[in-house]
Amino acid sequence: MNLKNDLILRAARQEAIERPPVWLMRQAGRTLPGYREIRASVSGFKELVETPELAATVTIEPVDVHGVDAAIIFSDILVIPEAMGLTYELIEKKGPYFPKTIQSRKDVDALQAGEKAAQELHYVYEALQCTKQKLAGRVPLIGFAGAPWTLFSYMLEGQGSKTFSKAKKFLYQEPAAAHALMEKLTETIIAYLKLKIAAGADLVQVFDSWAGALSPQQYRTFALPYLKQICDAIQEVPITVFAKGAWFALSELGELDCNTLGLDWNTSPQQARAWIGNGKTLQGNLDPCQLYAPLENIEAATRKMLENFGRNHIANLGHGVYPDIRVEAIQCFVKTVQAWRYD
Ligand code: 1CP
């Protein structure tokens with residue numbers, strides 16, 4: 001089906017466009033009244049993720065309410081560890097929790113991986129197909145996966161962490177087992193992204209949300225080679241890598257075969273350009289907390305951000321939108337980007 005708005009795809013391919021496209025990480029979620037209503041009507045987060053019709057409805061809500069230039073499929077990065085053999089729970093007000101975690105090489109060897117694991121996530125592919133149908137070409141649909149290191153950290157920690165000390169301990173004490181797990185994750189992520197693309201994803205993003213927990217040396221050893229394998233394998237659609245906190249690895253990230261690099265708010269676009277050159281599109285990077293400010297300040301900060309990025313930019317926040325951000329603040333951000341014109 002032809003897309004009516006393909007701005008984000010053209011931006012990712014560095015084509016000349018009249019203004020940057022805009023979407024927000026975590027745009028489908030608690031900031032929206034429709035999401036809260038549907039969420040309250042189901043048994044829990046997982047039911048929402050695993051019911052294609054409902055997942056499609058919440059995926060499309062930000063396109064209707066905010067008029068963003070892309071939809072991102074409603075799901076979670078934690079479906080991959082689950083397909084590999086570690087089920088997760090989502091504990092209200094606390095976040096994800098894995099009752100069973102990886103403790104040893106034996107646990108790594110017991111995991112399912114690759115095509116076989118990815119095939120289990122049929123509800124995700126059905127949600128993509130259903131969303132594509134309902135979107136009827138209004139905007140492109142983004143598919144996503146967690147990066148190997150970020151998924152590894154949940155599989156070792158069992159939950160979010162401030163220090164990631166259990167996951168990092170495994171890297172230092174059991175490097176061979178750690179590489180074996182990264183390899184299994186990488187194979188599964190590649191198979192999963194390919195199935196998402198076959199089901200209709202127009203662009204894919206890899207979230208390395210906890211990249212900033214690693215030293216440059218560890219990132220080089222345990223994260224970058226696997227990101228490279230993923231980028232090399234995905235050639236069908238544009239791919240974005242968002243490595244939060246990985247400013248120290250930007251020049252190496254710039255060598256990946258990806259179209260777009262996501263920036264968090266700690267890195268200035270000028271600094272990123274100095275490190276990676278002009279060969280890639282950049283995505284980001286307004287501080288999510290900026291959206292707590294009065295509307296006129298949000299507008300001014302957004303315009304400043306657009307000016308700093310210049311061309312080859314996909315406007316977004318520097319990380320996910322917080323659940324208590326007002327709808328009007330998000331709309332102010334979106335409308336300011338959409339009113340912008342390149343010289
Ligand atoms: O309804 C609820 O209370 C659940 C909250 C929630 C939501 C709305 C979770 C649990 N996941 C999601 C959806 C989600 N997760 C999306 C939807 C699409 C969209 O962006 O609109 C996406 C892309 C994700 C990806 C995700 N999950 C990431 C990577 C992005 C990021 O924010 O860095 C991570 C780290 C997760 C883990 C996770 N799942 C849920 C929570 C609260 C978390 C973070 C927990 C932590 O801090 O460790």
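1. Axes here are lines fitted to C-alpha atoms, for helices over the stretch in contact, and angles run from 0 to 180 degrees between N-to-C directions. Keep that in mind for the helix pairs below. Note too that this is a predicted model.

2. Start with helix α4 (residues 52–66) and helix α8 (residues 122–135). Their axes come within 8 Å. They cross at roughly 45 degrees. An angle under 35 degrees would count as roughly parallel, and 65 to 115 as roughly perpendicular. α4 and α8 are therefore oblique to each other. The crossing of α4 past α8 is right-handed.

3. Now look at who touches whom in this pair. From α4 come P52, E53, A55, A56, T57, T59, I60 and V63. From α8 come Y123, E126, A127, C130, T131, K134 and L135. Sorted by class, the contact of α4 with α8 holds nine nonpolar, three polar and three charged residues.

4. Strand β4 (residues 141–146) runs parallel to β5, with five bridges joining them. G143 stands opposite V204 in β5. Strand β5 (residues 203–208) is in turn joined to β6 by five bridges, again in parallel. Here D208 has A243 of β6 as its bridge partner. On the other pairing, β6 meets strand β7 (residues 260–262) over three bridges, in the parallel sense. T240 is opposite T260 in β7.

5. Is strand β6 (residues 239–243) mostly covered or mostly open? It is mostly covered: five of its five residues are buried. In a regular strand the side chains alternate between the two faces of the sheet. In β6, I239, V241 and A243 point one way. T240 and F242 point the other way. Both sets are buried.

6. Angles under 35 degrees count as roughly parallel. The crossing of α11 past α13 is right-handed.

7. The α11 side of this contact is H179, M182, E183, T186, I189, I190, L193 and K194. The α13 side is Y226, Q229, I230 and A233. By class, the contact of α11 with α13 has seven nonpolar, three polar and two charged residues.

8. What does I234 touch, leaving aside its neighbours within four places in sequence? I234 is in contact with I190, L193, K194, I197, V204 and I239. I234 sits in the loop between α13 and β6. Buried means under 20% relative accessible area. I234 has 2%, so I234 is buried. From C-alpha to C-alpha, I234 and P52 are 24 Å apart in space, and they are 182 residues apart in sequence.

9. Last, check T336 in helix α17 (residues 327–339). Its relative accessibility is 5%, so T336 counts as buried. Not counting residues up to four places away in sequence, T336 touches E299, T302, R303 and L306.

Key:
Residues numbered from 1 in each chain as written. Predicted model: local features only at pLDDT ≥ 70, side-chain atom pairs only at ≥ 80, totals over all residues. Heavy atoms only, no water. Helix = DSSP H or I, 4+ residues; strand = E, 2+ residues; numbered from the N terminus. Parallel < 35°, antiparallel > 145°, perpendicular 65-115°, else oblique. Left-handed = near helix turned anticlockwise from the far one by under 90°. Contact = heavy atoms within 4.5 Å. Nonpolar A, V, L, I, M, F, W, Y, C, P; charged D, E, K, R; others polar. Buried < 20%, exposed > 50% of the residue type's maximum accessible area, 1.4 Å probe, protein only. Pairing = 2+ DSSP bridges.
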